[in-house]
Structure formats: structure tokens, C-alpha cells
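Reader: I have this one open on the screen and would like to go through it piece by piece. Can we start with how some of the helices pack?

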Amino acid sequence: TDTFGIQQALSKLGIQDINNGTSTGTASFANGELIESYSPVDGTLIAKVTASTPDDYQAVMAKAEEAFKAWRLVPAPKRGEIVRQMGNELRKFKEPLGQLVSYEMGKSLQEGLGEVQEMIDICDFAVGLSRQLYGLTMHSERPLHRMYEQWHPMGIVGIISAFNFPVAVWSWNAMLALVCGDVFVWKPSSKTPLCAVACQNIIKGVLERNEIPEGVCSLVTGEACNELINNDKRIPLISFTGSTRVGRHVSKTVAERFGKTILELGGNNAIIVSEHADLSMVLVGAVFGAVGTAGQRCTTTRRLIIHESMYDKTVAVLKSAYAQLKIGNPLDSNNHVGPLIDKTAVQSFLTAIENAKAEGGTVIYGGGITEGDGYESGCYVNPCIIEAKNEYKVVQEETFAPILYLIKYSTIEEAIELQNGVPQGLSSSIFTNSMREMELFLSQSGSDCGIANVNIGTSGAEIGGAFGGEKETGGGRESGSDAWRAYMRRQTNTINYGSQLPLAQGIRFDL
Ligand code: NAD
């Protein structure tokens with residue numbers, strides 16, 4: 001029985017034989033242990049993927065180094081053409097890849113398909129960008145001189161990604177890196193290795209048809225590769241998406257060798273519910289924000305900062321909305337909340353609730369594991385709402401699960417201070433119809449986050465904007481706007497077309 005078409009999806013994606021996984025895109029480079037990928041949806045062992053050994057890693061890097069020498073010479077619009085073809089392949093495989101994302105990671109099918117749509121969108125964006133990698137020209141202070149800057153490819157980009165966006169985060173980085181003339185080595189989360197193998201399979205045909213050298217798009221798998229990448233001087237840029245704890249280590253290690261990083265780390269996102277908010281809009285934004293992807297988005301709404309006059313009403317509507325949530329198989333579109341990624345995540349959820357209670361918090365809805373028919377994987381939990389204080393240790397941390405903390409405020413200034421009063425700085429939002437509050441929230445004395453929204457929730461983002469956050473979220477920016485610059489090196493050029501050699505700042509050096 002293949003109720004949700006998973007076996008068919010796996011076969012379309014070239015992941016057929018259990019116990020016979022692939023890695024690196026070239027099977028000869030995968031000789032390590034087998035990584036088992038279990039679905040949090042039903043606990044099934046989906047397939048095993050052969051991890052890369054340190055020797056495999058070195059072989060991949062040697063190929064990548066060679067490939068970069070060729071790829072950087074391909075004109076940027078031609079590189080864009082390759083990315084355009086990749087976008088078309090993703091269109092063809094949207095359905096099965098979305099299904100696999102849902103089944104291996106546990107997010108709803110709609111969100112799985114949405115993730116693939118994001119990949120398609122970033123391909124389109126990158127194609128346009130391939131003709132717009134602009135540098136400035138500037139006026140030289142010296143006569144008969146011309147000055148400008150240009151952007152060159154950087155080299156091999158290391159992409160280390162988290163389990164919760166197992167395909168989109170790769171594409172944000174990969175597609176920009178490719179048009180910028182970089183090659184990449186991707187090390188996905190070992191919790192979602194099949195999604196990575198599927199992506200590699202999808203783009204393989206494009207690479208082969210266009211005779212792109214092996215090593216432009218590489219995949220390595222397994223935890224042994226992490227430190228190899230962090231310490232590898234041949235990798236000038238690492239784009240790391242994951243927890244603040246691991247990101248801090250990556251950041252230090254890479255900085256030690258003067259490598260660059262794009263860090264996309266944890267969030268602790270809040271919605272301010274003003275006395276001037278439209279509560280029906282808050283409801284959709286807050287509930288989807290808090291329980292969508294079972295609270296496993298970096299932009300998940302973790303705190304609701306509610307005006308005291310709105311508090312009781314908000315609590316009442318939230319409770320009744322939570323009571324209607326259907327928890328279950330995310331491939332079934334009737335369900336709102338799928339599983340957490342694994343039992344360790346379930347344990348963190350339970351521990352956080354206990355810690356909140358110990359600090360004085362009151363659970364006003366949910367909590368606990370969901371058990372019984374359909375929940376055999378042991379990864380389903382009951383989304384939880386807790387009345388809390390912003391300063392609680394547990395509220396200051398990101399627990400990657402559906403826990404929503406409610407906090408009361410009386411003035412807008414206090415609300416903004418609470419919103420900013422956490423170590424993370426990813427996404428933030430205010431629901432208000434007051435122009436004054438809205439503008440204050442968006443002003444330099446407002447939200448300190450990389451993303452600040454008005455009358456939409458904290459979660460979800462469009463690829464056109466630069467995505468990322470401040471403080472312990474790491475400061476990186478990916479995706480739209482001018483995020484591409486992080487993938488290139490800037491060079492300032494001055495050309496003297498005169499017959500004298502005047503020095504800058506009028507310095508004289510007579511010989
Ligand atoms: P994680 O930190 O456990 O793992 C992330 C990646 O780092 C994985 O590929 C893992 O194998 C790898 N890794 C582990 N040890 C490493 C080391 N020593 N050196 C280098 N890499 C190492 O995170 P996770 O549980 O997979 O993902 C959830 C976290 O990611 C949350 O904190 C979430 O907020 C964050 N996240 C952030 C964004 C963002 O854009 N800001 C997006 C998605 C997820």
C-alpha cells in the first residue's frame with residue numbers, strides 16, 4: 001500500500017533501493033557508514049545513504065578545485081542559463097520532491113511543495129541576477145585615471161544546512177553561488193540526507209547535458225565532513241544554517257583561518273498584538289506562525305507580546321483555535337500539525353515546558369505527547385501555550401517545537417523592549433492599525449531584527465528580500481536583494497591612461 005504515493009515519489013527521484021543509497025553524486029566517492037533515514041511521519045526506515053569518508057571528502061574537494069578553474073571562466077549569463085535549466089527540472093519534480101520533504105522532514109505536504117516552489121523562484125531570481133552582478137564606477141581624484149570595482153567569483157562555497165528546510169536553503173545558496181561563478185560542496189543535515197540525494201539527482205541531468213565539469217555541484221554526507229569543511233582553507237566561504245550553538249563554533253573556526261561565513265542561526269520571534277490590532281488577522285498569523293512545521297521554523301512565532309487590554313480576548317480566541325487543530329500525518333491535507341523531527345526533539349519540547357513551569361509559567365493549553373493510532377513514530381506532540389515572563393531562561397532560548405509564550409505589556413515602548421529583549425534577532429512583527437505604532441516599530445528605535453513585519457506574522461519569507469537576522473542569529477543574509485555580494489570577492493581597480501604617475505592624496509615622490 002502506498003497511500004500517500006511515497007514509494008512512487010522515491011522512485012521518480014531515483015531513490016529506489018533500500019540498503020543501496022548513494023552519496024556525493026558520484027557513487028565511487030561514497031565509502032563510509034550507512035546513514036539511516038527514518039520518517040518522523042510513521043517511523044519507517046525510508047532508505048540508507050552512504051556517508052562520505054575523509055578520503056571521499058578529499059576526492060570531492062580535488063574535483064571542486066579543478067572545476068572552479070573552468071566554471072569561473074564561463075560568462076555569468078551562461079551560468080544563469082544552466083540555473084534556468086535547473087529551475088525547469090525542479091518544476092518537473094515539484095510534486096515528488098515536495099512529498100519527500102514532507103515525508104522525511106515531517107512538514108505538511110503544502111509546505112513541502114512550497115519549499116520546492118521557493119527553489120524554483122530562487123532559480124528564476126538567479127537567472128536574472130546573472131546579468132546584474134553590477135559593480136560601481138567612481139571618480140578618481142587623479143587626472144586621466146579611471147576607477148571602478150568589480151566582483152569576481154570567490155571559489156568553493158561550503159554549504160552546511162539544517163534539517164528543517166532540507167532543500168530550499170541549499171537552493172538559496174547553490175543557485176546564487178553558481179551564477180556568481182562559484183562551485184559548491186553541500187553537506188546536508190544527517191536527519192534529511194535523502195532530500196539532498198534527490199536534489200543532486202534532479203540537477204544531474206542538466207550538468208551532464210551541458211557537459212559541466214564534475215565538481216561544480218558536489219554533495220558530501222555524514223558528520224565526519226563538518227570539521228573537515230570548517231577547517232578547509234580551500235573553502236573561502238561557508239554558508240551555515242543551523243543552531244546558534246553549532247554556528248558559534250563554525251564562526252570561530254572559520255574566522256581563525258580568515259575564512260568568511262554566512263550564518264543563519266536560531267530565532268526567537270515575537271508578534272506584538274497591539275490594542276489597535278485586528279484580532280482575526282492576529283489569529284491566523286499567530287497560530288500558523290506558532291504551530292506550522294510543528295514549530296520547527298527558524299521564523300516560528302515563539303512569543304506573543306499582547307497589550308493588556310487585548311489579553312483576555314486573545315487568550316480566548318487562541319485557545320479555541322488550538323482546540324480545532326488536527327494533529328497527524330502531514331501528507332494528509334486535513335491535518336494542521338505534523339510530527340517533530342525525532343524523539344530527541346520531543347524530549348526538548350517536554351523539558352522546556354517543565355522548565356517554564358519551574359520558573360513560574362502557567363500552561364494554559366496543550367503540552368504532552370500525542371499517542372495512539374497514527375502516532376506510532378512517537379514524534380507527535382500537542383502544541384502548547386504558556387503564560388510566561390520574557391526574562392525566564394527558557395523564554396530566552398529557542399526550543400525548536402510548538403510552544404507559544406504569552407507576555408503582557410502596557411505601553412508600545414515596553415512591547416518593543418520586550419520584543420528586542422532576547423539574544424536572537426531574526427523575525428518580528430506587529431499587528432496594529434495605528435500608523436504611529438507601525439512606524440515606531442519599523443524605525444531605528446523599533447525592532448532590532450533582520451525581518452520586521454506589519455500585519456503579517458513572523459514566519460515565512462519571500463525570496464526577493466534578503467533573509468537573515470542580527471545578534472545570535474548570526475548576521476548573515478541570503479536569497480534576494482544584494483545578498484549575492486557575499487558569494488563574490490570585490491576588487492577595486494584604478495587605471496591610469498595618462499603619461500604621468502601622480503600619487504594619491506597629492507603626495508610627491510620626486511626622483
Ligand atoms: P544543527 O545546528 O543541529 O545542525 C545544522 C547543521 O550543522 C547540520 O548539517 C549538522 O550536521 C551540522 N553540524 C553539526 N555539527 C557541526 C560542526 N561541528 N561543524 C559544522 N557543522 C556541524 O541544527 P538543526 O537542528 O539541523 O536545525 C535547526 C536550527 O537551525 C534551529 O536553531 C533553527 O533556528 C536554525 N535555522 C536557521 C535558519 C535561518 O535562516 N536563520 C534556517 C533554518 C534553520
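Reader: How do the axes of α5 and α6 sit, in distance and crossing angle?
Author: This is a predicted model. The axes of α5 (residues 109-129) and α6 (residues 168-179) come within 9 Å, and they cross at roughly 15 degrees.

Reader: What does that make them, parallel or antiparallel?
Author: Roughly parallel to each other. An angle under 35 degrees counts as roughly parallel, so the roughly 15 degrees here qualifies.

Reader: And is the crossing of α5 and α6 left-handed or right-handed?
Author: Right-handed.

Reader: Which residues make the contact between α5 and α6?
Author: From α5, E115, E118, M119, I122, C123, A126 and L129. They meet A168, S171, W172, M175, L176 and V179 of α6.

Reader: How many of the residues in the contact of α5 with α6 are nonpolar, polar or charged?
Author: The contact of α5 with α6 has 10 nonpolar residues, one polar and two charged.

Reader: Next pair. How do α10 and α11 cross?
Author: Their axes come within 10 Å and cross at roughly 50 degrees, with α11 covering residues 311-323. α10 and α11 are therefore oblique to each other. The crossing is right-handed.

Reader: Which residues are in the contact there?
Author: L279, V282, L283, A286 and V287 on the α10 side, and K313, T314, V317, L318 and A321 on the α11 side. By type, the contact of α10 with α11 has eight nonpolar residues, one polar and one charged.

Reader: Change of topic, the ligand. How many residues surround the ligand, and which are the closest?
Author: There are 28 residues around the ligand. The closest are A162, G242, S243, E264 and C298.

Reader: Which elements give two or more residues to that shell?
Author: α8 (224-230) and α9 (244-256).

Reader: And how does the shell around the ligand divide by residue type?
Author: The shell has 10 nonpolar residues, 13 polar and five charged.

Reader: Now Y57. Where is Y57, and is Y57 buried or exposed?
Author: Y57 is in helix α2 (residues 54-71). Y57 counts as buried because it has 23 C-beta neighbours inside 10 Å.

Reader: What does Y57 touch?
Author: Leaving out residues up to four places away in sequence, Y57 touches S52, V220, C225 and L228. Y57 and C225 are 168 residues apart in sequence, but their C-alpha atoms are 6.9 Å apart in space.

Reader: Last topic, backbone angles. What is the phi of L144?
Author: About 55 degrees, a positive value although L144 is not a glycine. Most residues other than glycine have a negative phi.

Reader: Where is L144, and is L144 buried or exposed?
Author: L144 is in the loop between β3 (137-138) and β4 (145-153). L144 is exposed, with 12 other C-beta atoms within 10 Å.

Reader: Is A294 buried or exposed?
Author: Buried, with 30 C-beta neighbours inside 10 Å.

Terms used: Residues are numbered from 1 along each chain as its sequence is written. This is a predicted model: local features need pLDDT of at least 70, side-chain atom pairs count only at pLDDT 80 or more; totals for chains, interfaces and linings use all residues. A residue is near a molecule or strand if its C-beta atom, placed from the backbone, lies within 6 Å of it. Helices (H or I, at least four residues) and strands (E, at least two) are DSSP runs, numbered from the N terminus. Ala, Val, Leu, Ile, Met, Phe, Trp, Tyr, Cys and Pro count as nonpolar, Asp, Glu, Lys and Arg as charged, and the others, Gly among them, as polar. Axes are lines fitted to C-alpha atoms, for helices over the stretch in contact, and angles run from 0 to 180 degrees between N-to-C directions. Angles under 35 degrees count as roughly parallel, over 145 as roughly antiparallel, 65 to 115 as roughly perpendicular and the rest as oblique. A crossing is left-handed if the near helix is turned anticlockwise from the far one by less than a right angle, and right-handed if clockwise. Two residues are in contact if their C-beta atoms, placed from the backbone, lie within 7 Å. A residue is buried if 20 or more other C-beta atoms lie within 10 Å of its own, exposed if 12 or fewer, and partly exposed in between; C-beta atoms are placed from the backbone.
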